[in-house]
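Hi,

Here is the structure I promised to pass on. Have a look at it first, and then read my notes below.

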Amino acid sequence: MDVLYQESSSLKYESLGLDMPRVFEAMGYGNNVPDDKIIGIANGIMEKVSDYCEPSYGFIIYKGVLTPESLNINDTVFDTGKIIIRALKGSQYFALFTATAGKRFQKWMEHFDDEGDLLGRFIADSIGSEIAELAADKMQASVARWCTDNGLKNTNRFSPGYCGWHVSQQHKLFPLLKGNDCSITLSESGLMYPIKSVSGVIGIGENVTMKEYSCMLCDFKDCFRRKKKNAQ
């Protein structure tokens, strides 16, 4: 199977370091501050997050092969698109990963829908997105430590649904996770549940580089990374 290393970890919410400025940025305020009413509601929701948040991550590192058009791991061919292929250039190994805010957070987020609280749902949705990304940051830091210990380097992380990598290819990615999937399930179209989850690949090799996300080369207008850059 060419598996080099695998790891799964449950995280404490407090370890993520999520703060209100980051939540407001995720809500679309950028460097601005919302009015006092929004701040009060958001603070009230944030006070309850730790009761429902169960962040975790998992990853598994494989040996793989890049071609000009695809990534091949254990006879599985990922059509990631040329943008990601270029970003993974030089990689000999690949960390396939997941990270999530957890199912309890998903259920809590859904209760805002049941109560018809659109604003509360929007704020909780923004919080959940940041929790998933912060959990993925923890995962990526662990991958980076493994790389350092083995004299290797890593690229940034890239996910299905972005940069030309179709989200339906989640169905190829998840079987390779071998239990390191944080109990995330997939819809027929490849969407994840809990919704506040991320998955993807990190390239690893002796000569790879950690590059900033090339938003100008990507045509996905609703990408959260593009929104963050535009807000700065």
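**Where H4 meets H5**

In H4, the residues Phe105, Trp108, Met109, Glu110, Phe112 and Asp113 make contact with Gly120, Arg121, Ala124, Asp125, Ile127, Gly128 and Ile131 in H5. Before going further, please keep in mind that this is a predicted model. The axes of these two helices, H4 and H5, come within 8 Å and cross at roughly 160°. That makes H4 roughly antiparallel to H5, since angles over 145 degrees count that way. The crossing of H4 and H5 is left-handed.

Trp108 deserves a stop here. Trp108 sits in helix H4 and, at 6% relative accessibility, counts as buried because the cut-off for that is under 20%. Leaving aside residues up to four places away in sequence, Trp108 touches Ile45, Lys48, Val49, Tyr52 and Ala124. Trp108 and Arg121 are 13 residues apart in sequence, and their C-alpha atoms are 9.5 Å apart in space.

**H2 on H5**

H5 also packs against H2, at an angle of about 55° and with the axes 10 Å apart. H2 and H5 are therefore oblique to each other, and H2 passes H5 in a right-handed crossing. On the H2 side the contacts come from Ile38, Ile41, Ala42, Ile45, Met46 and Val49; on the H5 side they come from Leu119, Gly120, Ile123, Ile127 and Ile131.

**The nonpolar cores**

Which residues have the most contacts inside the largest nonpolar core? They are Val49, Phe105, Ile127, Ile131 and Ile204, in a core of 42 residues. The elements giving two or more residues to this core are helix H1 (20-26), helix H2 (36-52), E2, E6, helix H4 (103-114), H5 and E10. H5 gives the most, with 12 residues. Apart from this core lies another, of 21 residues, with Ile73, Ile84, Phe158 and Met192 among them.

Five strands (5) form an open sheet in the order E1-E2-E6-E10-E7, and the pairing is antiparallel. Strand E1 (3-10) and strand E7 (153-158) are at the edges with a single partner strand each, so one side of each has no neighbour in the sheet. On average, neighbouring strands of this sheet are turned by 15° against each other, direction ignored.

Helix H5 (residues 118-149) lies across E1, strand E2 (56-63), strand E6 (93-100), E7 and E10, and runs at about 160° to E7.

Beyond residues up to four places away in sequence, Gln140 touches Asn154, Thr155, Asn156, Arg157, Ile202 and Met210.

Cheers

Conventions
Residues are numbered from 1 along each chain as its sequence is written. This is a predicted model: local features need pLDDT of at least 70, side-chain atom pairs count only at pLDDT 80 or more; totals for chains, interfaces and linings use all residues. Side-chain values use heavy atoms; hydrogens and water are left out. Two strands pair if DSSP finds at least two bridges between them. Helices (H or I, at least four residues) and strands (E, at least two) are DSSP runs, numbered from the N terminus. Axes are lines fitted to C-alpha atoms, for helices over the stretch in contact, and angles run from 0 to 180 degrees between N-to-C directions. Contact means heavy atoms within 4.5 Å. A nonpolar core is a set of buried Ala, Val, Leu, Ile, Met, Phe, Trp, Tyr and Cys residues joined through side-chain atoms within 4.5 Å. Buried means under 20% relative accessible area, exposed over 50%, partly exposed in between (1.4 Å probe, protein chains only). Angles under 35 degrees count as roughly parallel, over 145 as roughly antiparallel, 65 to 115 as roughly perpendicular and the rest as oblique. A crossing is left-handed if the near helix is turned anticlockwise from the far one by less than a right angle, and right-handed if clockwise.
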